[in-house]
Amino acid sequence: MASEPTALSPDELRRRCDPAALDFATTDDLEPLDSLIGQERAIEAIRLSAGMRHRRFNLFVLGPEGSGRHAAVARLLAEAAGERPAPDDWVYVHDFDAPDRPRALRLPRGAGPKLRRAMAELIDDLAQGIPALFESEEYQSRRAAIEEEFGGRNEKAFSELAQRARERGVAILRTPMGFALAPVKDGEVQKPEVIEKLPEAERKAIRENVAKTQEELSGFLESLPRIEKEHRAAIAALNAEMAEQVVDLNLADLRAEFAGIKALEAHFDALRKDLIANAELFLKAGSQRGEGAFPIAPAHIHDTPRFHRYAVNVMVSHAEDAIGAPVVVESLPTLSNLTGRVEYMQQMGTLVTDVTLIRPGALHKANGGYLVLDARRVLTEPFAWDALKRCLETAEIRMIGAGERLGLSATGTLEPEPVPLDLRVALVGDRFLHLLLEKHDPEFAQLFTVTAEFGPDMDRRAESMALFARQVAAVVRRECLRPVTADGVAALIEIASREADDREKLSLVLSRLWDVLREADHHAREDGAETVDRAHIEGAEAARLRRIDRVAERMQEMIARGTVMIDTRGSVVGQVNGLTVASLGAARFGWPARITARVRLGAGQVVDIEREVKLGGPIHSKGVLILSGYLSTHYLPETPLSLWASLVFEQSYGGVEGDSASVAELCALLSALAGVPLSQSLAVTGSVNQLGAVQPVGGVNEKIEGFFDACSAQGLTGRQGVLIPRRNADSLMLHADVVEAVADGRFQIHAIDHVDQALELLTGLPAGRRGLNGEFATGSVNANVEARLIDFAEARRDFGRMVAQAERRDDD
């Protein structure tokens with residue numbers, strides 16, 4: 001194991017793409033490919049959800065940002081929508097029996113706007129026809145006849161009453177306060193003092209006559225409201241009869257135009273009754289439209305609020321010849337944007353609403369088709385997620401505002417009739433959100449039964465590279481960019497492998513690659529070039545890295561000035577250069593970190609200082625505990641460990657997480673035990689298990705380049721380099737300057753499988769294996785470690801005996 005070659009050749013540090021293997025000169029020679037590549041599993045799931053009719057098969061799309069999830073979902077759903085019929089129209093109309101609950105009507109495609117226009121024309125026609133009819137000679141003569149009839153009835157009854165009163169010697173007098181009765185004689189009203197002088201019999205007769213007349217007058221006055229009521233009823237009957245003529249005449253055309261639509265028959269009947277009953281609205285409108293500085297034109301009477309009760313509110317409509325179901329992408333999925341809302345207007349200092357102020361939501365617009373939502377935005381909008389689930393569960397769209405949900409609405413509102421819901425919802429999110437919903441929302445799994453997962457990468461084969469080139473051609477054509485040469489596409493392929501952290505893969509997070517392509521096109525335009533080549537692609541990538549590299553440059557500056565203490569020459573006992581990587585937004589970079597170990601006699605405890613001060617994460621602490629397991633089983637397995645050791649990342653003032661430094665920590669610990677110095681020219685990354693095997697880690701490219709930059713600043717000697725896990729060799733897509741330095745012998749990169757290989761490279765000594773006698777080879781690192789542990793064990797045993805003897809003396 002330890003004798004196997006570990007140095008990697010320059011060809012193993014970066015997998016280049018041969019432009020000749022792409023078999024084209026520029027992307028103009030290729031047929032553009034607009035569809036996604038490498039996402040067959042996700043595409044299959046999307047098509048399943050789009051084609052299923054069962055309402056539970058809603059879709060959750062997950063994958064990394066920039067993988068084309070939204071565009072793919074929109075495109076595939078649009079394809080499926082083209083094979084489905086366009087949905088019907090939905091309108092809201094006033095419910096004359098329940099004014100606060102507008103009715104939802106389903107109409108054939110294209111009928112909604114026609115009905116709205118026809119209803120507006122009907123109201124405008126009635127606004128002219130009804131006043132004209134009530135001003136006609138026929139109406140006036142019949143109205144006059146009714147007035148004459150009831151007026152004559154009143155006069156005749158009063159005349160008969162007055163005649164009877166006169167015959168009794170009683171006069172009925174009209175006063176400002178009403179009627180008054182007074183006795184008369186010879187046509188003159190008798191004064192009270194004269195009546196008092198009359199004989200008792202005459203006074204009694206006068207009182208009786210006045211009382212009887214008073215009784216008849218009261219009866220007459222009591223009959224007046226009844227007569228007036230009959231009068232009003234007669235007028236109302238006349239008005240209704242006349243209004244019925246014009247309403248039926250105009251409504252007949254409306255019924256004929258929309259004949260066969262059963263949903264409208266009951267509404268037209270209720271409409272007819274209300275129009276006839278409220279003909280006065282049109283009379284008032286006719287009398288008022290000419291008043292004021294800006295009189296209302298008769299053609300716009302339907303726009304006035306008092307006539308909104310007759311309006312038709314078209315929620316969604318599709319052309320009669322429309323093909324395909326709707327695909328709606330709602331970028332701001334608030335509660336009102338999803339389920340619709342009821343708006344208000346101010347009148348006389350108060351807020352009022354009517355059927356025309358009902359606004360549709362995305363669910364209305366997508367009904368009968370597909371709705372695409374961003375999962376994170378839906379979940380962060382108040383009440384939106386709960387409303388979406390409720391609508392999917394009940395298969396209807398019910399409007400409830402946020403104020404009503406919270407009980408804060410103090411204004412009267414409408415309760416529109418729910419609209420039946422039939423659509424497919426596609427949520428686009430990430431794996432974390434998907435896991436959270438599955439774990440904490442039991443309804444989620446019942447409603448979203450299909451998951452489409454977009455992968456981050458695909459295999460880098462000849463076929464996939466050819467498809468990638470066709471995708472580049474599609475972007476070039478779609479965005480009118482300059483053609484890309486074969487070596488330019490090859491450079492993009494190499495960037496895609498670097499982004500995938502695997503030279504055998506291509507990243508499918510294409511958005512960043514297309515940004516590089518766009519920037520390269522900009523540079524080509526500035527250079528006056530007709531095509532985009534490798535130089536432009538690499539220049540764009542270098543410019544991008546330079547823009548986000550400020551923190552990394554500052555870190556390297558501190559290393560070069562000695563603020564962060566890193567040695568790249570010499571050898572030190574118990575000290576090694578580990579490697580770490582950081583991601584700050586789009587920037588991802590690595591740098592070396594000094595790791596030190598100290599040992600002494602103890603009870604077998606390996607102290608992780610980072611963990612003790614709560615700067616170490618659980619995975620890092622696990623890695624340190626694995627070191628204890630390795631020591632216990634690899635050295636003196638029959639003897640308890642008798643050491644105390646401490647490990648620390650020097651000059652680390654933030655959190656430390658991950659186990660990628662466990663190989664370096666183990667080497668530092670073994671160096672401290674063996675008393676053997678470690679080369680500071682080499683840096684180490686990799687995790688280790690309890691058997692000493694080196695395991696792969698992440699960010700290996702950035703770690704190598706970070707240490708390379710630190711060494712370059714202090715001067716490359718040819719002895720400097722990095723030790724990485726052999727299983728990370730396929731991840732290498734290093735920058736050209738590192739590859740060039742390795743080729744020139746100025747830098748080294750070694751791939752190791754076991755910690756013994758790391759010890760040999762760092763110490764220059766054999767690691768040592770156990771022989772047939774059970775002992776490590778003399779002079780090896782492992783032999784020195786075990787000898788030191790034996791010394792600790794014996795010292796601990798001797799110390800224990802001394803303590804026991806002292807305790808016995810104290811007892812004596």
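Modeller: Ground rule before we start: angles of 65 to 115 degrees count as roughly perpendicular, under 35 as roughly parallel, over 145 as roughly antiparallel, and the rest as oblique. This is a predicted model, where local features need pLDDT of at least 70. Residues are numbered from 1 along each chain.

Colleague: What makes α24 and α25 roughly perpendicular?

Modeller: Their axes, lines fitted to C-alpha atoms over the stretch in contact, with angles running from 0 to 180 degrees between N-to-C directions, come within 10 Å and cross at roughly 65°. So α24 and α25 count as roughly perpendicular to each other.

Colleague: And what about α16 and α17, at what angle do their axes cross?

Modeller: The axes of α16 (residues 462-478) and α17 come within 10 Å and cross at roughly 110°. Therefore α16 and α17 are roughly perpendicular to each other.

Colleague: Why is the largest pocket said to lie between domain 1 and domain 3?

Modeller: Because domain 1 (16-36 + 457-547) and domain 3 (553-794) both give residues to its lining. The domain bounds come from an automatic or database domain assignment.

Colleague: What makes something a pocket, and what makes a residue part of its lining?

Modeller: On a 1 Å grid over the protein atoms alone, a pocket is an open set of points where a 1.4 Å probe fits, with protein on both sides within 12 Å along at least five of seven lines; lining residues have an atom within 4 Å of a point. Here 39 residues line the largest pocket, with Arg498, Glu541, Leu545, Glu705 and His735 nearest its centre. The largest share of that lining, seven residues, comes from α19.

Definitions and conventions:
This is a predicted model: local features need pLDDT of at least 70, side-chain atom pairs count only at pLDDT 80 or more; totals for chains, interfaces and linings use all residues. Side-chain values use heavy atoms; hydrogens and water are left out. Helices (H or I, at least four residues) and strands (E, at least two) are DSSP runs, numbered from the N terminus.
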